[in-house]
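These are my notebook entries on a structure that I went through term by term. The sequence and the model come first, and the entries follow.

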Amino acid sequence: MKITYPLILTEGYDAPNTEQSTPDLAKLDSQDFWHVKSVDFQFTLPDKIIIQAQAEPVPLKAKTAQVSLLAQGKPLPSQALYDPATLSHHFTYEPEDCQIQAIRLKYHGSEWQSLLPFNPGDLIYEKPFRVQENRVIHEEHNQGETSPRRLYGYGGAYKAGLSLNQIQQVYSELFEGINKTEITLTSSSQWHERGVTPFNNGTFHQQHILVESQLTYEQSLNLGAALIEGYAKVKVQDPTTQDAFVYTSSGVTQPHDSPNILLITFTKQQGE
């Protein structure tokens, strides 16, 4: 039997180098502890994207439209439709603020900027309004007959600070003044409160209200309603599959501190 004495280390003892004693590196086998499964992460397009947009009005440039009224068989002098002097009363907005042919929404920013095909200032959506360009409107009022009241698209109402539902279509209406044709202005919201809506027309004070047939449904909506109803659209490409998806506007808010900046929510459409 071989007796091995305990090793007694003296001060200054230098242990031998064991670097070359084995060529194998130490390995930790994870399977000794748990089973590790590899996971492939794939990017998924969000269901909703919020985009900041800046609203800019597009004023009507061609203000050459004329209106004339044949009242009781008497032709009245024609008037320039967009001349403020032809208005018979003060409207809610200044005349120049109602002569807007469109509102342009331009890209201002988004947390999803890398996915969007926009640079700052690019056009996202242009909200149209019905206006009269280079047109002559003739209207006849006969004595003893209950003529319908006819509404013509005058333009959109816009000025800084207006709420989204006030950025809306304005209508003009002709009536007989003292030896001249005069014009009144009313807004979509005023007629809506009276139960008259475009494409439904209606009656007010036992008179038929007729809205000109050239007016489109999109023009008749205020800016907020047009965005909620999905008129603004954005195409987004999935960076993983390269498939393109259409996002449509589904909601909008207006920060109080920046009235010209809108926060528009876009919702991903399935099957596009």
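Which residue in strand 4 is the bridge partner of Val 67? I found that the partner is Gln 79.

**Entry 1. Basis of the notes**

I worked from a predicted model, in which local features need pLDDT of at least 70 and side-chain atom pairs count only at pLDDT 80 or more, while totals for chains, interfaces and linings use all residues. Residues are numbered from 1 along each chain as its sequence is written, and side-chain values use heavy atoms, with hydrogens and water left out.

**Entry 2**

I took helices (H or I, at least four residues) and strands (E, at least two) as DSSP runs, numbered from the N terminus. Two strands pair if DSSP finds at least two bridges between them.

I looked up strand 2, residues 66-71, and found 2 bridges to strand 4, with the two strands running antiparallel. Strand 2 is also joined to strand 7 by 6 bridges, and these strands run parallel. Within that pairing, Ser 68 has His 138 of strand 7 as its bridge partner.

I then turned to strand 3 (residues 74-75), which pairs with strand 2 in the antiparallel sense over 2 bridges. Strands 2 and 3 form a hairpin with 2 residues between them, and Gln 72 in the turn has a positive phi of about 55°.

**Entry 3. Aromatic rings**

I searched the whole structure for aromatic pairs and noted 3. Rings of Phe, Tyr and Trp (its six-membered ring) pair if their centres lie within 6.5 Å; planes under 30 degrees apart count as stacked, over 60 as edge-to-face and the rest as tilted.

One of the pairs is Tyr 82 with Tyr 154, which counts as tilted because the planes stand at 40°, with the ring centres 4.6 Å apart. Tyr 82 is in the loop between strand 4 (79-80) and strand 5 (100-109), whereas Tyr 154 is in strand 8 (residues 149-156), so the pair links distant parts of the chain, 72 residues apart.

I checked accessibility next: buried means under 20% relative accessible area, exposed over 50%, and partly exposed in between (1.4 Å probe, protein chains only). Tyr 82 is buried at 5%, and Tyr 154 is buried at 0%.

I also looked for charges over rings, meaning NZ of Lys or CZ of Arg within 6 Å of the ring centre and within 35 degrees of the ring normal. Lys 127 has its charged end over the ring of Phe 129, 3.8 Å from the centre. Lys 268 lies over the face of Phe 245, 4.2 Å from the ring centre.

**Entry 4. Salt bridges**

How many salt bridges does a search of the whole structure find? I recorded 6, a salt bridge being a side-chain nitrogen of Lys or Arg within 4 Å of a carboxyl oxygen of Asp or Glu.

Arg 135 and Glu 212 form one of them, at 3.1 Å from N to O. Arg 135 lies in the loop between strand 6 (123-128) and strand 7 (136-141) and Glu 212 in the loop between strand 12 and helix 2 (217-220), so this bridge ties together parts 77 residues apart in sequence. Arg 135 is partly exposed at 24%, whereas Glu 212 is buried at 8%.

Glu 173 and Arg 149 meet in another, at 2.7 Å from N to O. Because Glu 173 belongs to strand 9 (residues 169-176) and Arg 149 to strand 8, parts 24 residues apart in sequence are tied together. Glu 173 is buried, at 9%.

Lys 180 bridges to Glu 182, with the closest N and O atoms 3.7 Å apart. Lys 180 is partly exposed at 31%, and Glu 182 is buried at 16%. I noted too that salt bridges with shared partners join Arg 130, Arg 135 and Glu 212 into one network.

**Entry 5. Nonpolar cores**

I defined a nonpolar core as a set of buried Ala, Val, Leu, Ile, Met, Phe, Trp, Tyr and Cys residues joined through side-chain atoms within 4.5 Å. The largest has 50 residues, of which Ile 103, Leu 105, Ile 124 and Leu 227 touch the most other members. A second, separate core of 7 residues includes Leu 151, Val 196, Val 211 and Leu 215.

Lastly, I looked up Ile 209, which lies in strand 12 (residues 207-211) and is buried at 0%. Ile 209 is 13 residues from Val 196 in sequence and 7.5 Å from Val 196 in space, C-alpha to C-alpha.
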